[in-house]
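Student: I would like to learn how to read pockets and strand pairing in a model. Can we work through a case?

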Amino acid sequence: MQQKLRKAFKQQLLYKKIKMEKAGKEKFKVTPWEVSGKVDYNRLIKEFGTERISENMLKGIEKLAGDLHFLLRRKIFFSHRDLNWLFKEYEKGNKFFLYTGRGPSGKTHIGHLVPWILTKWFQDKFNCNLYFQFTDDEKFLFNPELSLKDTKKLAYENALDVIAIGFDAKRTKFIMDTENIKKLYPLALKVAKKLTFSTVKAVFGFTNETNVGSIFFTTIQSAPCFFEDKPCLIPLAIDQDAHFRITRDIAPKLGLRKPALVHSIFLPGLTGSAKMSSSIPGDALFTTDTPKQVEKKVKKYAFSGGQPTVAEHRKKGGNPDIDISYQWLKILFEPDDKKLQKIYNDYKSGKLLTSELKEILIEKVKAFLKKHQVAREKAKKQLDKFILKD
Ligand code: TRP
(Lines give C-alpha, C1' and ligand atoms only; values in the text may rest on other atoms or scores of the structure.)
Protein backbone atom coordinates (compact mmCIF):
# COMPACT_ATOMS: atom_id res chain seq x y z
CA MET A 1 0.00 0.00 0.00
CA GLN A 2 2.70 2.43 1.03
CA GLN A 3 4.66 1.60 -2.06
CA LYS A 4 1.63 2.34 -4.20
CA LEU A 5 1.17 5.69 -2.51
CA ARG A 6 4.79 6.55 -2.99
CA LYS A 7 4.53 5.66 -6.65
CA ALA A 8 1.47 7.81 -7.10
CA PHE A 9 3.19 10.67 -5.33
CA LYS A 10 6.23 10.36 -7.57
CA GLN A 11 4.02 10.28 -10.62
CA GLN A 12 2.33 13.45 -9.45
CA LEU A 13 5.66 15.20 -9.00
CA LEU A 14 6.66 14.15 -12.49
CA TYR A 15 3.44 15.54 -13.98
CA LYS A 16 4.02 18.77 -12.14
CA LYS A 17 7.56 19.00 -13.48
CA ILE A 18 6.44 18.32 -17.05
CA LYS A 19 3.68 20.88 -16.72
CA MET A 20 6.12 23.48 -15.41
CA GLU A 21 8.59 22.75 -18.16
CA LYS A 22 5.86 23.04 -20.76
CA ALA A 23 4.82 26.39 -19.35
CA GLY A 24 8.47 27.43 -19.36
CA LYS A 25 8.25 27.74 -15.60
CA GLU A 26 11.09 25.49 -14.59
CA LYS A 27 12.38 26.49 -11.17
CA PHE A 28 15.58 28.50 -11.04
CA LYS A 29 17.04 31.07 -8.72
CA VAL A 30 19.28 34.07 -9.39
CA THR A 31 20.41 36.19 -6.43
CA PRO A 32 23.79 37.81 -5.70
CA TRP A 33 24.61 34.86 -3.45
CA GLU A 34 22.94 31.92 -5.12
CA VAL A 35 22.36 30.79 -8.69
CA SER A 36 20.66 27.43 -9.26
CA GLY A 37 18.56 25.58 -11.83
CA LYS A 38 18.31 26.23 -15.53
CA VAL A 39 18.34 30.00 -15.88
CA ASP A 40 15.77 31.52 -18.23
CA TYR A 41 17.33 34.86 -19.17
CA ASN A 42 14.21 36.13 -20.93
CA ARG A 43 12.27 35.66 -17.74
CA LEU A 44 14.94 37.51 -15.78
CA ILE A 45 14.49 40.55 -18.01
CA LYS A 46 10.79 40.51 -17.13
CA GLU A 47 11.16 39.72 -13.46
CA PHE A 48 13.98 42.17 -12.79
CA GLY A 49 12.39 44.81 -15.03
CA THR A 50 15.48 45.40 -17.18
CA GLU A 51 15.55 46.02 -20.94
CA ARG A 52 16.86 43.82 -23.73
CA ILE A 53 19.76 45.29 -25.71
CA SER A 54 18.39 45.94 -29.19
CA GLU A 55 20.14 45.72 -32.56
CA ASN A 56 19.62 49.45 -32.91
CA MET A 57 21.46 50.16 -29.70
CA LEU A 58 24.32 47.95 -30.80
CA LYS A 59 24.55 49.93 -34.04
CA GLY A 60 24.69 53.13 -32.01
CA ILE A 61 27.45 51.81 -29.79
CA GLU A 62 29.39 50.57 -32.82
CA LYS A 63 29.17 54.00 -34.40
CA LEU A 64 30.61 55.67 -31.31
CA ALA A 65 33.26 53.04 -30.58
CA GLY A 66 34.42 52.30 -34.12
CA ASP A 67 33.73 48.59 -33.69
CA LEU A 68 31.71 46.23 -31.53
CA HIS A 69 33.10 43.73 -29.04
CA PHE A 70 31.97 40.17 -29.71
CA LEU A 71 30.51 39.99 -26.20
CA LEU A 72 28.01 42.63 -27.32
CA ARG A 73 27.67 41.34 -30.89
CA ARG A 74 26.84 37.84 -29.64
CA LYS A 75 24.45 39.09 -26.98
CA ILE A 76 26.47 37.62 -24.14
CA PHE A 77 25.64 41.03 -22.69
CA PHE A 78 21.94 40.85 -23.35
CA SER A 79 20.26 43.26 -20.97
CA HIS A 80 20.68 46.81 -19.65
CA ARG A 81 19.33 49.69 -17.64
CA ASP A 82 19.58 53.23 -19.05
CA LEU A 83 22.24 52.57 -21.69
CA ASN A 84 20.37 54.82 -24.14
CA TRP A 85 20.53 57.68 -21.68
CA LEU A 86 24.23 57.05 -20.97
CA PHE A 87 25.22 57.25 -24.63
CA LYS A 88 23.01 60.27 -25.27
CA GLU A 89 24.83 62.04 -22.46
CA TYR A 90 28.13 60.90 -23.96
CA GLU A 91 27.19 62.40 -27.32
CA LYS A 92 26.42 65.66 -25.57
CA GLY A 93 29.96 65.62 -24.21
CA ASN A 94 29.05 64.30 -20.78
CA LYS A 95 31.50 61.41 -20.45
CA PHE A 96 30.95 58.47 -18.13
CA PHE A 97 33.09 56.47 -15.74
CA LEU A 98 33.12 52.71 -15.19
CA TYR A 99 32.57 50.67 -12.07
CA THR A 100 32.63 46.91 -11.47
CA GLY A 101 33.94 44.51 -8.84
CA ARG A 102 34.78 41.12 -7.47
CA GLY A 103 33.73 39.33 -4.31
CA PRO A 104 36.91 37.59 -3.14
CA SER A 105 35.55 34.23 -1.99
CA GLY A 106 38.05 32.04 -3.82
CA LYS A 107 40.44 31.78 -6.74
CA THR A 108 39.50 33.53 -9.98
CA HIS A 109 37.88 31.26 -12.54
CA ILE A 110 37.40 32.05 -16.20
CA GLY A 111 33.70 32.88 -15.70
CA HIS A 112 34.69 35.89 -13.61
CA LEU A 113 36.59 37.35 -16.56
CA VAL A 114 33.55 37.92 -18.81
CA PRO A 115 32.42 41.32 -17.38
CA TRP A 116 36.02 42.42 -16.87
CA ILE A 117 36.85 41.87 -20.55
CA LEU A 118 33.96 44.08 -21.69
CA THR A 119 34.88 46.66 -19.03
CA LYS A 120 38.37 46.92 -20.51
CA TRP A 121 36.89 47.37 -23.96
CA PHE A 122 34.73 50.24 -22.71
CA GLN A 123 37.75 51.80 -21.01
CA ASP A 124 39.79 51.65 -24.21
CA LYS A 125 37.05 52.86 -26.54
CA PHE A 126 35.53 55.57 -24.39
CA ASN A 127 38.56 56.68 -22.42
CA CYS A 128 37.01 56.05 -19.02
CA ASN A 129 38.16 55.97 -15.47
CA LEU A 130 37.40 52.67 -13.77
CA TYR A 131 36.77 51.90 -10.11
CA PHE A 132 37.12 48.21 -9.33
CA GLN A 133 35.77 47.16 -5.94
CA PHE A 134 36.99 44.13 -3.98
CA THR A 135 34.36 43.27 -1.39
CA ASP A 136 36.48 41.53 1.23
CA ASP A 137 33.90 42.71 3.79
CA GLU A 138 31.01 41.07 1.90
CA LYS A 139 32.65 37.69 1.56
CA PHE A 140 33.58 37.75 5.26
CA LEU A 141 30.01 38.60 6.26
CA PHE A 142 28.26 36.11 4.01
CA ASN A 143 30.60 33.16 4.30
CA PRO A 144 30.85 31.47 7.71
CA GLU A 145 34.04 29.72 6.64
CA LEU A 146 36.09 32.78 5.69
CA SER A 147 37.99 35.10 8.04
CA LEU A 148 38.77 38.72 7.19
CA LYS A 149 42.36 37.68 6.72
CA ASP A 150 41.27 35.06 4.18
CA THR A 151 39.10 37.42 2.13
CA LYS A 152 41.75 40.13 2.08
CA LYS A 153 44.36 37.66 0.89
CA LEU A 154 42.00 36.41 -1.81
CA ALA A 155 41.25 40.00 -2.86
CA TYR A 156 44.94 40.60 -3.52
CA GLU A 157 45.20 37.30 -5.41
CA ASN A 158 42.14 38.16 -7.52
CA ALA A 159 43.53 41.65 -8.15
CA LEU A 160 46.37 40.09 -10.15
CA ASP A 161 43.82 38.57 -12.55
CA VAL A 162 42.12 41.94 -12.94
CA ILE A 163 45.41 43.66 -13.80
CA ALA A 164 46.21 40.83 -16.24
CA ILE A 165 43.12 41.79 -18.28
CA GLY A 166 45.12 44.87 -19.27
CA PHE A 167 43.43 47.84 -17.60
CA ASP A 168 45.16 51.20 -17.87
CA ALA A 169 46.97 51.83 -14.59
CA LYS A 170 46.53 55.59 -14.95
CA ARG A 171 42.76 55.38 -15.22
CA THR A 172 41.99 52.44 -12.94
CA LYS A 173 41.65 52.42 -9.17
CA PHE A 174 41.14 49.37 -6.98
CA ILE A 175 39.00 49.73 -3.90
CA MET A 176 39.69 47.24 -1.14
CA ASP A 177 36.63 47.69 1.03
CA THR A 178 38.24 47.23 4.45
CA GLU A 179 41.18 49.45 3.46
CA ASN A 180 39.39 52.17 1.54
CA ILE A 181 36.41 52.42 3.87
CA LYS A 182 37.14 56.11 4.49
CA LYS A 183 36.21 56.90 0.91
CA LEU A 184 33.20 54.56 0.86
CA TYR A 185 31.66 55.28 4.21
CA PRO A 186 30.17 58.80 3.77
CA LEU A 187 28.40 57.68 0.56
CA ALA A 188 27.32 54.35 2.06
CA LEU A 189 25.81 56.27 4.97
CA LYS A 190 23.77 58.52 2.67
CA VAL A 191 22.36 55.44 0.97
CA ALA A 192 21.83 53.71 4.32
CA LYS A 193 19.74 56.58 5.64
CA LYS A 194 17.21 56.03 2.83
CA LEU A 195 17.26 52.22 2.88
CA THR A 196 14.91 50.31 5.14
CA PHE A 197 15.17 46.81 6.57
CA SER A 198 11.90 45.90 4.88
CA THR A 199 13.38 46.75 1.46
CA VAL A 200 16.48 44.59 1.88
CA LYS A 201 14.27 41.84 3.31
CA ALA A 202 12.07 41.93 0.23
CA VAL A 203 14.90 42.27 -2.30
CA PHE A 204 17.37 39.78 -0.83
CA GLY A 205 15.14 37.51 1.24
CA PHE A 206 16.86 38.46 4.51
CA THR A 207 15.22 37.50 7.80
CA ASN A 208 15.45 38.59 11.42
CA GLU A 209 18.24 36.04 11.80
CA THR A 210 20.45 37.66 9.13
CA ASN A 211 23.56 39.32 10.60
CA VAL A 212 23.41 43.12 10.60
CA GLY A 213 26.58 43.44 8.51
CA SER A 214 24.85 41.66 5.63
CA ILE A 215 21.83 43.91 5.98
CA PHE A 216 24.05 47.01 5.69
CA PHE A 217 26.34 45.64 2.97
CA THR A 218 24.48 46.73 -0.17
CA THR A 219 25.15 50.38 0.77
CA ILE A 220 28.90 49.69 0.47
CA GLN A 221 28.44 48.24 -3.01
CA SER A 222 26.35 51.31 -3.94
CA ALA A 223 28.94 53.86 -2.89
CA PRO A 224 31.32 53.72 -5.90
CA CYS A 225 28.40 54.58 -8.24
CA PHE A 226 28.77 58.11 -6.88
CA PHE A 227 32.57 58.50 -6.89
CA GLU A 228 32.51 61.01 -9.75
CA ASP A 229 30.06 63.71 -10.72
CA LYS A 230 29.41 62.00 -14.05
CA PRO A 231 27.19 59.19 -15.37
CA CYS A 232 28.37 55.76 -14.22
CA LEU A 233 28.30 52.55 -16.27
CA ILE A 234 28.48 49.16 -14.55
CA PRO A 235 29.22 46.03 -16.60
CA LEU A 236 28.17 43.06 -14.44
CA ALA A 237 26.73 39.55 -14.46
CA ILE A 238 22.95 39.66 -14.06
CA ASP A 239 23.03 38.16 -10.54
CA GLN A 240 24.40 41.46 -9.16
CA ASP A 241 21.45 43.48 -10.48
CA ALA A 242 19.54 43.49 -7.17
CA HIS A 243 22.12 45.71 -5.44
CA PHE A 244 21.81 48.34 -8.12
CA ARG A 245 18.02 48.19 -8.28
CA ILE A 246 18.23 49.49 -4.74
CA THR A 247 20.90 52.07 -5.64
CA ARG A 248 18.84 53.33 -8.56
CA ASP A 249 15.75 53.74 -6.40
CA ILE A 250 17.63 55.76 -3.83
CA ALA A 251 19.92 57.90 -6.04
CA PRO A 252 17.27 60.50 -7.00
CA LYS A 253 16.30 60.89 -3.34
CA LEU A 254 19.90 61.97 -2.74
CA GLY A 255 20.02 64.23 -5.78
CA LEU A 256 22.42 61.81 -7.45
CA ARG A 257 22.42 60.08 -10.87
CA LYS A 258 21.24 56.52 -11.27
CA PRO A 259 24.03 54.23 -12.51
CA ALA A 260 23.51 52.61 -15.93
CA LEU A 261 24.00 48.86 -16.13
CA VAL A 262 24.89 46.34 -18.81
CA HIS A 263 24.20 42.71 -17.81
CA SER A 264 25.86 39.50 -19.00
CA ILE A 265 24.68 35.92 -18.90
CA PHE A 266 26.82 33.50 -16.86
CA LEU A 267 29.60 31.39 -18.28
CA PRO A 268 28.27 27.83 -17.79
CA GLY A 269 30.43 25.45 -15.81
CA LEU A 270 32.24 22.51 -17.40
CA THR A 271 29.78 19.98 -16.03
CA GLY A 272 26.89 21.97 -17.50
CA SER A 273 25.87 24.10 -14.48
CA ALA A 274 24.21 27.41 -15.40
CA LYS A 275 26.90 29.44 -13.63
CA MET A 276 30.43 28.15 -13.18
CA SER A 277 30.91 27.12 -9.57
CA SER A 278 34.13 26.49 -7.65
CA SER A 279 32.25 24.24 -5.23
CA ILE A 280 31.05 21.68 -7.83
CA PRO A 281 33.91 19.23 -8.55
CA GLY A 282 35.25 19.62 -12.08
CA ASP A 283 32.98 22.58 -12.87
CA ALA A 284 35.45 25.46 -12.78
CA LEU A 285 38.56 26.25 -14.75
CA PHE A 286 40.86 28.54 -12.81
CA THR A 287 43.11 31.21 -14.29
CA THR A 288 46.09 29.51 -12.65
CA ASP A 289 45.39 26.01 -14.05
CA THR A 290 48.27 24.35 -15.91
CA PRO A 291 48.00 23.15 -19.54
CA LYS A 292 47.79 19.58 -18.22
CA GLN A 293 44.91 20.47 -15.89
CA VAL A 294 43.09 22.22 -18.73
CA GLU A 295 43.38 19.16 -20.93
CA LYS A 296 42.33 16.79 -18.20
CA LYS A 297 39.36 18.82 -17.03
CA VAL A 298 37.96 19.49 -20.51
CA LYS A 299 38.32 15.87 -21.58
CA LYS A 300 36.85 14.49 -18.39
CA TYR A 301 34.12 16.99 -17.48
CA ALA A 302 33.06 19.15 -20.44
CA PHE A 303 29.37 18.41 -20.92
CA SER A 304 28.86 17.29 -24.49
CA GLY A 305 26.07 17.82 -26.99
CA GLY A 306 27.35 14.88 -29.02
CA GLN A 307 25.76 11.50 -29.71
CA PRO A 308 26.70 8.37 -27.73
CA THR A 309 28.57 6.70 -30.62
CA VAL A 310 30.64 8.07 -33.50
CA ALA A 311 28.35 6.38 -36.04
CA GLU A 312 25.28 7.98 -34.51
CA HIS A 313 27.04 11.36 -34.28
CA ARG A 314 27.95 11.25 -37.98
CA LYS A 315 24.35 10.42 -38.82
CA LYS A 316 22.41 12.72 -36.49
CA GLY A 317 24.99 15.40 -35.71
CA GLY A 318 25.64 17.11 -32.36
CA ASN A 319 23.88 19.90 -30.49
CA PRO A 320 26.21 22.91 -30.12
CA ASP A 321 23.58 24.84 -28.18
CA ILE A 322 23.98 22.61 -25.13
CA ASP A 323 27.62 21.68 -25.69
CA ILE A 324 29.89 23.39 -23.15
CA SER A 325 32.99 23.35 -25.36
CA TYR A 326 31.08 25.21 -28.05
CA GLN A 327 29.55 27.61 -25.50
CA TRP A 328 32.98 28.48 -24.11
CA LEU A 329 34.32 29.15 -27.61
CA LYS A 330 31.37 31.45 -28.22
CA ILE A 331 31.54 33.32 -24.91
CA LEU A 332 35.30 33.64 -24.45
CA PHE A 333 37.74 31.86 -26.68
CA GLU A 334 36.87 32.28 -30.41
CA PRO A 335 36.49 35.96 -31.29
CA ASP A 336 36.32 35.22 -35.05
CA ASP A 337 32.64 34.94 -36.07
CA LYS A 338 33.38 33.03 -39.27
CA LYS A 339 35.47 30.40 -37.51
CA LEU A 340 32.85 30.05 -34.81
CA GLN A 341 30.07 29.62 -37.36
CA LYS A 342 32.04 26.90 -39.14
CA ILE A 343 32.54 25.04 -35.87
CA TYR A 344 28.81 25.36 -35.19
CA ASN A 345 27.85 24.03 -38.63
CA ASP A 346 30.37 21.20 -38.62
CA TYR A 347 29.34 20.04 -35.16
CA LYS A 348 25.66 20.21 -35.99
CA SER A 349 26.11 18.24 -39.21
CA GLY A 350 28.16 15.56 -37.52
CA LYS A 351 31.33 16.36 -39.45
CA LEU A 352 33.06 17.49 -36.26
CA LEU A 353 33.24 14.96 -33.42
CA THR A 354 33.04 15.84 -29.73
CA SER A 355 36.67 14.79 -29.21
CA GLU A 356 37.73 17.11 -32.04
CA LEU A 357 35.66 19.99 -30.69
CA LYS A 358 37.22 19.51 -27.26
CA GLU A 359 40.66 19.55 -28.89
CA ILE A 360 39.89 22.93 -30.52
CA LEU A 361 38.79 24.32 -27.16
CA ILE A 362 41.79 22.92 -25.28
CA GLU A 363 44.25 24.61 -27.67
CA LYS A 364 42.40 27.93 -27.40
CA VAL A 365 42.24 27.82 -23.60
CA LYS A 366 45.90 26.88 -23.30
CA ALA A 367 46.95 29.82 -25.47
CA PHE A 368 44.66 32.19 -23.56
CA LEU A 369 45.91 31.08 -20.14
CA LYS A 370 49.55 31.15 -21.19
CA LYS A 371 49.24 34.84 -22.02
CA HIS A 372 47.09 35.53 -18.96
CA GLN A 373 49.54 33.84 -16.61
CA VAL A 374 52.51 35.84 -17.94
CA ALA A 375 50.52 39.05 -17.43
CA ARG A 376 49.43 37.83 -13.99
CA GLU A 377 53.07 37.35 -12.91
CA LYS A 378 53.96 40.84 -14.12
CA ALA A 379 50.96 42.22 -12.26
CA LYS A 380 52.61 41.50 -8.91
CA LYS A 381 54.93 44.45 -9.51
CA GLN A 382 52.14 46.72 -10.77
CA LEU A 383 49.69 46.09 -7.96
CA ASP A 384 50.67 49.08 -5.87
CA LYS A 385 49.95 51.52 -8.69
CA PHE A 386 46.34 50.34 -8.92
CA ILE A 387 45.36 50.62 -5.29
CA LEU A 388 43.43 53.70 -4.27
CA LYS A 389 45.27 55.71 -1.68
CA ASP A 390 42.98 57.83 0.39
N1 TRP B 1 29.39 41.64 -4.93
C2 TRP B 1 30.16 41.34 -6.12
C3 TRP B 1 30.54 39.84 -6.09
O4 TRP B 1 30.25 39.13 -5.18
C5 TRP B 1 31.41 42.18 -6.21
C6 TRP B 1 31.10 43.58 -6.64
C7 TRP B 1 31.28 44.74 -5.94
C8 TRP B 1 30.58 43.97 -7.92
N9 TRP B 1 30.91 45.80 -6.66
C10 TRP B 1 30.47 45.38 -7.88
C11 TRP B 1 30.21 43.26 -9.05
C12 TRP B 1 29.98 46.08 -8.97
C13 TRP B 1 29.71 43.97 -10.13
C14 TRP B 1 29.60 45.35 -10.09
O15 TRP B 1 31.10 39.36 -7.04
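Student: Which elements each supply at least two residues of the lining of the largest pocket?

Tutor: Rolling a probe the size of a water molecule over the atoms shows where empty space is left. In this predicted model, the elements that each give at least two lining residues to the largest pocket are β2 (34-37), β5 (97-102), α6 (113-126), α7 (136-142) and β8 (232-237). The space in that pocket is about 1200 Å³. Its lining has 48 residues, with R102, S105, H112, K139 and K275 nearest the centre. By class, 20 are nonpolar, 21 polar and 7 charged.

Student: Where does the second largest pocket lie?

Tutor: The second largest pocket lies between domain 1 (55-266) and domain 2 (291-379), because both give residues to its lining. Its volume is about 870 Å³. Of its 29 lining residues, Y41, I265, P268, D321 and Q327 lie nearest the centre. Two or more lining residues come from each of α2 (41-48), α15 (324-333) and α16 (337-349). The largest share, 5 residues, is from α15.

Student: In what order do the 7 strands of the open sheet come?

Tutor: Strands of a sheet pair through backbone hydrogen bonds, either parallel or antiparallel. Here the order is β3-β4-β9-β8-β5-β6-β7, with mixed pairing. The edge strands, β3 (51-52) and β7 (172-176), each pair on one side only. Strands β4 (77-81) and β9 are antiparallel, over 4 bridges.

Student: Is H263 buried or exposed?

Tutor: H263 counts as buried because its relative accessibility is 0%. H263 sits in β9 (260-264), and S79 stands opposite H263. Contacts of H263 include S79, H80, L236 and D241.

Terms used. Residues numbered from 1 in each chain as written. Predicted model: local features only at pLDDT ≥ 70, side-chain atom pairs only at ≥ 80, totals over all residues. Heavy atoms only, no water. Buried < 20%, exposed > 50% of the residue type's maximum accessible area, 1.4 Å probe, protein only. Contact = heavy atoms within 4.5 Å. Pairing = 2+ DSSP bridges. 1 Å grid on protein atoms, 1.4 Å probe; cavity = no way out; pocket = protein on both sides within 12 Å on 5 of 7 lines; lining within 4 Å. Points joined across faces, edges and corners; volume = space filled by probe spheres on them. Nonpolar A, V, L, I, M, F, W, Y, C, P; charged D, E, K, R; others polar. Domains from an automatic or database assignment. Lists of a residue's contacts leave out its neighbours within four places in sequence.
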